[in-house]
Amino acid sequence: MSTITMEVTRYRPGEDSEPTVQSYEVPLRKEWAVLDGLNHIKDHLDGTLSYRWSCRMGICGSCGMTVNGRPVLSCASFLVDYAPGPVRVEPLRNFPVIRDLVVDISDFMEKLPRVKPWLIADPPEEGEFLQTPEEMDEYKKYSMCINCMLCYSACPVYALEPEFLGPAAIALGQRYNLDSRDHGAEDRRDVLASAEGAWACTFVGECSTACPKGVDPAGAIQRYKLTAAVAAMKDFLMPRGARR
Amino acid sequence: MKRSPEPLVWLAFSGGGMAAALLVPVLLFLFGLAFPLGWIEPPSEEHLVALVRHPITKLVLFGLCALGLFHFAHRFRYTLYDGLKLKRFAVLIAAVCYGAAVVGSVASAIVLLSV
């Protein structure tokens with residue numbers, strides 16, 4: 001059976017002085033994703049390798065890695081597509097490494113609640129909230145985010161400015177702003193329209209290229225910029241009482 | 001909320017991108033290729049001068065020049081910030097970029113008013 005070489009970054013902060021590369025020879029099977037290769041290493045070659053994964057079907061968002069230089073879900077990237085190899089597997093960029101391929105995403109976890117990613121609405125008088133399919137289409141693609149962090153890893157602005165709220169968080173803010181049931185846009189505006197929010201984005205677009213769920217965070221951010229710019233112009237031109 | 005002048009310059013930037021994308025290719029095609037190469041019979045000079053002297057033409061051309069320059073200024077500013085990693089000179093860069101756009105806009109206004 002043919003094999004492929006996986007070159008995996010190993011790093012234990014505090015113990016290793018710097019990350020090193022370790023090579024493993026794994027079977028090259030056409031149905032094997034990069035994650036299956038890593039599981040083979042973990043089960044049969046080297047049990048000390050650390051990485052995150054759970055669902056292996058592109059839903060949980062935990063197996064994001066840098067494979068041959070690009071941020072991908074390792075469960076959705078197949079070894080045969082990298083044949084004859086070697087396949088370079090590194091942790092996601094722009095995040096501190098906890099160990100090997102496991103990164104610390106607490107920066108995002110701290111930023112996410114700032115955009116209030118939940119419905120801000122009074123419950124309906126009776127029954128449930130009703131919504132037309134057209135109203136759902138307005139926000140549906142932004143709701144597909146699985147918090148996999150590929151967009152943060154791909155974003156050159158986040159790399160330069162860690163204060164940047166980031167693609168996924170802004171897209172998730174927009175997901176609720178564009179929901180017909182929600183009335184929280186004004187509450188979210190301070191955060192989304194701040195210098196560290198949508199205005200920090202320079203529309204490189206790598207986030208949308210990297211997104212495995214078709215969320216298009218770059219589009220969400222540009223759309224929000226227009227909303228925020230119009231609101232800012234209204235604030236500027238109209239007296240306080242006439243706003244809204 | 002931290003007040004940011006960004007919405008204003010971004011509106012000029014996006015308006016400039018839109019105006020340039022819609023008008024510049026047509027103008028370049030007409031005045032850069034079609035007229036000089038004789039693909040289309042060029043209008044007479046009197047006709048063009050009369051057209052440019054019309055206030056609406058002047059307004060459109062001024063809008064194209066000014067917004068286009070602000071589009072350049074905004075994009076160049078971020079190229080210097082991030083591409084060349086010069087953000088420590090942010091204030092100076094912003095002043096030079098948008099200042100150049102203002103100077104260019106004033107110059108285009110002077111040219112248009114003097115026609």
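Two strands pair if DSSP finds at least two bridges between them, and strands (E, at least two residues) and helices (H or I, at least four) are DSSP runs numbered from the N terminus. The model is predicted, with local features needing pLDDT of at least 70 and side-chain atom pairs pLDDT 80 or more, while totals for chains, interfaces and linings use all residues. Residues are numbered from 1 along each chain as its sequence is written, and chains are lettered from A and ligands numbered from 1 in the order in which they are written.

**View 1. Strand β5 (residues 87-90) of chain A with β1 (residues 3-10) of chain A and β3 (residues 64-67) of chain A.** Strands β1 and β5 of chain A run parallel and are joined by three bridges. β3(A) pairs with β5(A) in the antiparallel sense, over two bridges. A:V89 in β5(A) is the bridge partner of A:V8 and also of A:V67.

**View 2. Helices α6 (residues 167-177) and α9 of chain A.** The two helices pack at an angle of about 60°, their axes 9 Å apart (axes are lines fitted to C-alpha atoms over the stretch in contact; angles run from 0 to 180 degrees between N-to-C directions). α6(A) is therefore oblique to α9(A) (under 35 degrees is roughly parallel, over 145 roughly antiparallel, 65 to 115 roughly perpendicular, the rest oblique).

**View 3. The side of chain A that touches chain B.** Here 13 residues of chain A are in contact (C-beta atoms, placed from the backbone, within 7 Å) with nine residues of chain B. α9(A) gives the most to this side of chain A, with five residues.

How values were computed. Two residues are in contact if their C-beta atoms, placed from the backbone, lie within 7 Å.
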